[in-house]
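Open the model in your viewer and follow the stops below. Each one names a selection, then says what is there.

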Amino acid sequence: MIAPVQTPRRAFAIGAPILQLDSISLRFGGVQALTNVSFNVLEHEVRAIIGPNGAGKSSMLNVINGVYVPQEGAISFGGEQLKGMTPTRAAHLGIARTFQNIALFRGMSVLDNIMAGRTLRSRASFLEVALQLPRARREETENREAAEEIIEFLEIEHIRKTPVARLPYGLQKRVELGRALAAEPKVLLLDEPMAGMNIEEKQDMCRFILDVNDHYGTTVVLIEHDMGVVMDLSDRVVVLDYGKKIGDGTPDEVRSNQRVIDAYLGVAH
Amino acid sequence: MACDTVDTFPQLLLRHAKERGGRPAIREKRRGIWHTLTWRDLADEAEALACALSARGVQRGARVAVLGDNRPRLYTAICAAHWLGAIVVPLYQDAAAAELTLPLQSAEVTHVFAENQEQVDKLLEILPLCPSVRCIVYDKDRGMRHYQQPQLVSYAAFLAQGHALKGSRSDVLRAEAGRAAGQDAAFLFFTSGTTGEAKGVVATHAALIDRARVAAEIDGLTDVDVTIAYLPPGWIGQNVCGYVQPMVVGHCVCCPESSETLIADMREIGPTCFLATPRVLEALLTQVSMRLDDAGDFNRALYRRSIAVAQRVGARILARGAVSMLDRLAYLAYDLLIYGPLRDVLGLSKVRVAYAAGDALAPDLLMFFRSLGINLKQLYGSTETGFFVAMPRDGRVKPDTVGQAAEGVELKFTAEREILVRSPGLFAAYHRDAERTAEAKSADGWFNTGDIGYVDEDGHLRIVDRAVHVGALSDGTPYAPKVLENKLKFVPYIKEAVAFGHGRDMVCMLIDIDAAAVSRWADKRGITYTGHADLASRDEVYELIAGCIATVNRELALDPVLARCQLRRFSILHKELSADDGLLTRTGKLRRGAIAERYGELVDAMYAGHSDSAGVDGSPRRKIRDAQTVAPAGSRRAA
């Protein structure tokens with residue numbers, strides 16, 4: 001008896017909202033970067049933020065991870081109201097990110113960069129590390145194991161010891177993802193993970209993002225320009241234009257939303 | 001030795017577990033660290049696995065397939081299957097799903113060990129066509145969490161099940177291992193098939209063990225040797241090097257972390273025995289030339305001088321021949337400066353013996369490695385002949401021969417000079433194909449190899465080419481494509497060359513450029529291009545290749561027979577020849593029939609004297625160029 005081949009299902013079912021953004025408004029002097037934007041991110045989903053240039057996508061990500069403090073609005077993470085989010089606090093809460101223009105330690109090896117992502121997980125004091133006391137040594141071993149697992153996961157064994165500056169762009173992006181993963185985040189913020197990549201690199205990156213979501217159950221929030229990529233990758237999409245939310249829903253809903261089409265293609269006035 | 005009578009794999013495994021239980025059997029680099037499996041560990045794990053397999057209905061004679069890269073668990077699975085008397089069907093891990101259908105169907109495979117999700121997906125795709133497959137054991141569980149198919153079980157769960165059963169079944173299993181006989185089938189290899197559909201070749205325990213034992217004797221392999229497993233496990237060569245040979249000798253096999261880390265891993269592990277296909281060696285040479293191009297002028301000059309010395313005396317020193325004191329000193333100095341570090345960079349510094357097998361190796365390439373002090377030898381053998389038919393002996397290596405027949409092998413030649421082999425290592429039969437078996441193997445045990453060759457004055461076997469490829473130009477000049485192609489493939493810029501000439505008035509070539517080497521060459525000259533196809537059609541690249549061919553033609557002109565086989569016209573292919581397009585076999589051999597068919601129009605245009613050809617499927621026009629030829633130098637050099 002042959003069982004019918006089933007389409008693979010999700011390993012982690014999409015759950016309750018993990019991140020809730022309520023009426024966020026952000027101003028830089030007179031520039032209104034975000035106006036009254038509200039949306040949520042569900043646990044284990046892949047959520048995309050899209051929009052034309054200057055729509056406020058990166059600002060949105062920076063608000064989530066505490067780089068910018070919005071003048072109005074509230075953020076709650078895991079059901080808890082958060083006031084005065086800072087990047088350090090975000091990291092401790094389990095929010096990791098990558099950057100639009102790669103921000104790695106260029107002179108350090110891939111392995112060291114990924115190990116750096118484990119810093120938050122270390123409990124040993126400066127003195128313990130300096131003197132190589134048992135706890136520091138144990139943690140070092142654990143961190144190395146975790147880093148090696150990520151290296152295997154991202155298939156970058158061959159460049160483990162290579163200084164990051166010598167790597168091509170696509171691989172640097174992958175290393176940056178690795179460093180973010182090293183913190184074992186609940187939510188991963190990816191700022192244009194595929195910008196500047198060729199087709200092949202994009203496909204690889206898509207696969208890794210989906211694998212991360214599938215294997216670790218990590219919730220992913222990503223900004224992306226490539227519409228094809230966004231539509232294939234995401235469960236739900238938020239569309240921003242001039243700092244305002246103009247669409248929110250599944251890729252199909254967003255694709256057929258007239259306001260989104262207008263924002264992307266322009267309308268005759 | 002008394003133990004030499006042991007001629008089945010399970011008995012060899014048990015013996016190693018007893019005699020050298022604590023010594024390494026398999027090492028694997030995983031997550032940056034080398035992990036060791038000792039012979040005792042291997043036997044334990046194989047026993048547990050065999051328990052689980054027998055609980056799932058594997059019996060003597062059942063067919064168990066392995067599909068994946070070289071990992072310890074793949075070899076453990078082979079051990080376990082052999083333990084139960086099952087026949088192992090090794091598959092090529094990069095084969096497409098459709099290519100796997102034929103072996104799985106015709107062998108009626110019931111159980112498959114698959115490495116990861118990628119392999120499982122292929123198997124699930126063709127499962128409806130292969131109803132005999134009852135159980136798929138997968139090793140890596142990444143991405144496998146939501147697979148619900150009842151046939152699937154993870155290796156870890158399967159092993160745990162086996163360990164739980166071990167107590168109650170231990171006696172049964174020991175008895176099972178003892179029941180094996182040398183004449184039982186051990187492997188069912190599906191040959192690469194350069195000419196037609198893949199055939200299943202049945203190899204027995206005794207045949208493979210006998211050949212490996214002879215080869216180990218000839219090169220003095222012992223249990224302290226180390227080898228590295230990186231070639232496709234579907235190929236007999238990898239199974240011999242990674243399974244049969246270690247089983248016979250008791251040495252250790254190392255599995256690199258991934259194909260990209262191979263060279264770095266080799267430097268760490270220092271293999272002493274190394275098997276390679278000509279393609280791998282060509283790639284190594286290309287890498288050396290490419291990296292050298294980036295070196296400074298002084299370094300390059302030093303390298304050129306050192307290679308000149310190496311080529312003059314290196315091979316003779318390796319063969320312990322007579323060399324003048326001055327040359328010996330120069331070689332020693334360069335060995336410290338150049339050859340030693342170069343061997344180290346290639347991960348070959350500890351190699352005692354390296355084999356090239358699977359296809360003919362260009363003599364120049366062989367000599368290049370030998371002159372650096374690497375004891376590289378060309379083997380002759382095939383899936384049907386148990387891999388070792390002829391091999392050069394240390395100190396008596398001639399570059400254009402495959403050495404003397406190995407012990408136990410008898411050679412005979414037909415009137416057409418086709419090589420016939422009789423040996424204890426011969427295959428038992430083609431799987432369920434009595435007709436083809438009878439065609440290939442006579443009743444008194446002579447196998448028609450399909451290769452043309454002869455034995456030279458020193459008793460060395462020389463292989464000309466496959467019988468079906470050997471022919472003559474229309475003027476009667478004998479023509480064998482392999483010789484010409486190998487001369488061109490020695491050029492770093494040329495990855496693959498396909499010669500045409502049988503029944504024609506001249507020799508023409510299709511050239512596949514080495515993308516990495518040529519693109520680097522183009523970068524240095526500021527030649528811009530958009531991709532492989534564009535690069536391959538640049539006039540500058542045509543000039544580069546024409547220059548290379550002219551050099552080869554000058555060499556050919558020195559040989560009275562080959563002089564008339566000089567290459568007249570050529571065209572560069574826009575797309576690399578690949579196994580996925582069916583133009584190469586999985587081990588990288590040319591499938592000439594398929595290539596001639598695919599590029600028929602282009603070949604015709606070459607012979608018709610056109611300067612380009614419209615491509616198939618509306619692809620861009622391919623240019624055709626003439627190559628410079630040289631008048632035969634018969635008078636300049638005595639034949």
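The radius of gyration used here is taken over C-alpha atoms, and the globule rule is 2.2 Å times the number of residues to the power 0.38. Keep in mind that this is a predicted model.

**Stop 1: chain A as a whole.** Select chain A. For its 269 residues, the rule puts a compact globule near 18 Å; chain A has 20 Å, which agrees. Switch to cartoon and find ten helices and ten strands in chain A. Colour by burial next: buried residues make up 36% of the 269 residues in chain A. Now draw the contacts with a separation of 6 or more. In chain A, 69% of these link residues 24 or more positions apart.

**Stop 2: a sheet.** Select E2, E1, E4 and E5 of chain A. In that order, these four strands form an open sheet with antiparallel pairing. Which strands are at the edges? They are E2 (31–42) and E5 (80–82) of chain A, and each pairs on one side only. Look along the sheet: from one strand to the next, the twist averages 25°.

**Stop 3: one strand pair.** Zoom in on E1 (residues 17–28) and E2 of chain A. The two run antiparallel, joined by eight bridges. Pick A:Arg27; its bridge partner in E2(A) is A:Gln32.

**Stop 4: the interface.** Show chain B as well. Here 18 residues of chain B are in contact with 17 residues of chain A. Colour the chain B side by residue type: six are nonpolar, seven polar and five charged.

Terms used: Residues are numbered from 1 along each chain as its sequence is written. Chains are lettered from A and ligands numbered from 1 in the order in which they are written. This is a predicted model: local features need pLDDT of at least 70, side-chain atom pairs count only at pLDDT 80 or more; totals for chains, interfaces and linings use all residues. Two strands pair if DSSP finds at least two bridges between them. Axes are lines fitted to C-alpha atoms, for helices over the stretch in contact, and angles run from 0 to 180 degrees between N-to-C directions. Two residues are in contact if their C-beta atoms, placed from the backbone, lie within 7 Å. Ala, Val, Leu, Ile, Met, Phe, Trp, Tyr, Cys and Pro count as nonpolar, Asp, Glu, Lys and Arg as charged, and the others, Gly among them, as polar. A residue is buried if 20 or more other C-beta atoms lie within 10 Å of its own, exposed if 12 or fewer, and partly exposed in between; C-beta atoms are placed from the backbone.
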